[in-house]
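Work through the exercises below with the model open beside you. Try each task before you read its solution.

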Amino acid sequence: MSNVIGIIRALNSGVKHLAIKRFTLRYPEQKLKFVGDGFQFNPETGVGIAGLRGRHILFHEHCTGCQLCSVACEGIAEAISMVKIHETWKHNKKAIMPQIDYGKCVFCGLCVDACPFYALYMTNDYELSSFTKSALIYTPAQLAIKPNIAQDVEIKIDDRGASHG
Amino acid sequence: MTTQLPPGMHLETVDDKIMTLNVGPQHPGSGHMRLIIKVDGDYIVSCDPDPGYVHRGEEKMAEYRNYIQNIPHLERPVIHDSSNILYPYCLGVEELLGIEVPERAKYIRVIAAELNRCIYILYWLAIYGIFLGHSTMFMWPAGDRELFIDLLEAMSGARVTHAYLVPGGVRNDLPSNFEERCLRQVEYFEKRLKEYEAVFYQNPLLKARTEGSGILSRTDAIRLGTTGSVLRASGVDFDVRKKEPYDVYENLDFQTIVMKEGDSYARSRVPYLEMFESCRIIKDALRKMPKSGSVRTKLKPNPKGGNDEVYRRVESGRGAIGYYIVSNNRPEPYRVKISVGSFRNLICMPYLLKGEKLGNMPAVYWGLNYWPVEADR
């Protein structure tokens with residue numbers, strides 16, 4: 001008898017969920033909201049600023065071509081290589097800047113921690129899929145573009161359960 | 001056949017009644033592994049686990065990278081529990097390099113570790129449900145896991161491999177209004193957790209399958225060297241967080257969950273009850289945390305450890321994880337040895353499966369909290 005009551009209780013607990021809001025995020029139509037503009041780092045205090053670790057953004061006016069990001073990546077993913085650029089900057093005599101291969105990058109953000117000149121940050125852009133491997137290699141010019149990502153929904157909690165907007 | 005066999009080898013005597021069954025090398029929810037099972041009809045005569053399919057040499061790799069570059073690599077064995085596997089490494093390196101951790105960072109690390117423990121246990125519970133054919137118990141924890149993943153994403157910036165804990169504190173401070181958001185989601189989760197009771201744990205179908213199967217007695221659990229929830233389900237009151245408190249666990253209010261039965265049901269229930277304790281720890285830590293202050297001690301570039309060795313351990317989702325680190329005046333460690341809970345729990349599998357029905361094998365296997373990728377490292 002107790003078995004029958006147990007099964008009815010289990011079924012009842014499941015049936016109650018018909019009246020509860022759906023939790024699923026309908027991804028391509030809805031996109032999650034993140035805190036901030038991506039992971040950034042303050043080399044003076046040595047502490048980062050919270051944010052999503054997505055695609056990098058490179059500020060050409062700050063980058064000196066010191067290669068510290070590339071050195072930091074060496075033992076981790078070896079995704080960063082320094083390439084020649086066709087721009088002339090007074091602070092970048094060697095005229096080299098990082099080029100990032102997103103087929104290798106693990107998005108740990110230790111290159112951002114290594115940059116002492118506020119030149120390399122991470123952004124909220126996480127949609128990096130492509131049809132070819134070569135399109136995953138981002139040149140310094142591509143990295144300079146600020147992404148524009150729609151952010152609509154976050155988890156809402158009320159009496160009828162949690163849902164995405 | 002008169003073929004000369006090499007010394008040490010012998011031919012197996014074959015019994016017509018016994019059949020050898022290769023379970024794997026497959027991916028049972030966690031990583032590739034194989035069980036060589038001998039069955040007599042429906043009953044298991046012997047079981048020989050065969051780990052090693054996902055060995056990646058993380059310990060050897062750690063000898064060629066400096067203390068900071070090791071962080072993304074060393075969390076790879078358990079990506080669902082990445083804060084907890086980095087925790088002992090950070091504690092050990094801090095001791096080697098003589099770094100003092102700010103008070104606020106200690107609390108943030110405890111919160112990250114407990115959130116991550118919940119993520120791991122919910123994933124584990126989801127797979128446990130689907131192993132027993134209970135698809136509701138797959139969907140619910142997999143959905144509720146999202147609450148914690150979103151919280152850790154706001155904290156660290158990544159959904160799975162966080163690389164958040166570093167020697168000297170944490171990578172970044174908490175975002176604004178994180179405390180209330182965390183409190184709201186954790187309180188909602190506690191309410192949800194109570195619903196699992198009726199649909200899964202008090203379900204007579206689950207009880208009929210798991211109660212009394214694969215019993216591990218208290219003496220056997222200690223003798224075989226098991227750890228974590230397996231040990232606590234056999235009635236041993238041992239939790240590294242209580243017995244050797246690290247960071248701020250001694251200031252926080254929680255208790256160890258112990259069950260006496262030692263069967264599959266107890267092993268499935270202990271992690272579930274531990275999630276309530278994790279929620280208590282998170283709420284308590286949020287209350288007691290200093291509201292402002294530094295979160296990371298600035299390290300010298302390429303810090304070097306002295307001629308020293310250190311062993312630190314913490315309680316993870318699968319039991320005690322220990323790191324033995326040796327340094328020899330270089331920026332890279334001389335040796336890193338990871339002692340993981342999964343591997344030690346695997347040892348008792350042949351004992352538990354002997355005489356068990358083949359259909360009970362998934363419940364016993366997954367109840368051991370065994371994670372092949374972590375065990376192979």
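**Exercise 1. Classify the accessibility of Phe107(A), then describe its ring pair with Tyr102(A).**

Step 1. Phe107(A) has a relative accessible area of 22%. The cut-offs are under 20% for buried, over 50% for exposed and partly exposed in between, with a 1.4 Å probe and protein chains only. Phe107(A) is therefore partly exposed.

Step 2. Tyr102(A) has a value of 7%, so Tyr102(A) is buried.

Step 3. Rings of Phe, Tyr and Trp (its six-membered ring) pair if their centres lie within 6.5 Å; planes under 30 degrees apart are stacked, over 60 edge-to-face, and the rest tilted. Tyr102(A) and Phe107(A) lie 5.7 Å apart centre to centre, with 15° between the planes, and the pair is stacked.

The model is predicted: local features need pLDDT of at least 70, side-chain atom pairs need pLDDT 80 or more, and totals for chains, interfaces and linings use all residues. Residues are numbered from 1 along each chain as its sequence is written, chains are lettered from A and ligands numbered from 1 in the order written, and side-chain values use heavy atoms, without hydrogens and water.

**Exercise 2. Find how the rings of Tyr123(B) and Trp371(B) are arranged, and where the two residues sit.**

Step 1. The ring centres are 5.7 Å apart and the planes stand at 70°, so this pair is edge-to-face.

Step 2. Tyr123(B) is in helix H4 (residues 103–131) of chain B, and Trp371(B) is in the loop between helix H14 (361–367) and helix H15 (372–376). Helices (H or I, at least four residues) and strands (E, at least two) are DSSP runs, numbered from the N terminus. The pair links parts of the chain 248 residues apart.

Step 3. Trp371(B) has 3% relative accessibility, so Trp371(B) is buried.

Step 4. Widen the view. The structure holds 24 aromatic pairs over all chains. Ring pairs also build a cluster in chain B, including Trp124(B), Tyr128(B), Trp140(B) and Phe276(B).

**Exercise 3. Characterise the interface of chain A and chain B.**

Step 1. Count residues. 40 residues of chain A contact 40 residues of chain B, where contact means heavy atoms within 4.5 Å.

Step 2. Take the area. Chain A and chain B bury about 3,000 Å² between them, with 58% from carbon and sulfur atoms. Buried area is the accessible area (1.4 Å probe) that two parts lose on being put together, summed over both. Arg53(A), Ile155(A) and Ile157(A) give 18% of what chain A buries against chain B, more than any other three residues.

Step 3. Look for charge pairs. Two salt bridges are counted between the chains. The criterion is a side-chain nitrogen of Lys or Arg within 4 Å of a carboxyl oxygen of Asp or Glu. Arg171(B) and Asp113(A) form a salt bridge at 2.9 Å, N to O.

Step 4. Assign elements. Those of chain A that each supply at least two residues to the side touching chain B include helix H1 (2–15), helix H3 (110–114) and strand S8 (155–158). H1(A) gives the largest share, seven residues.
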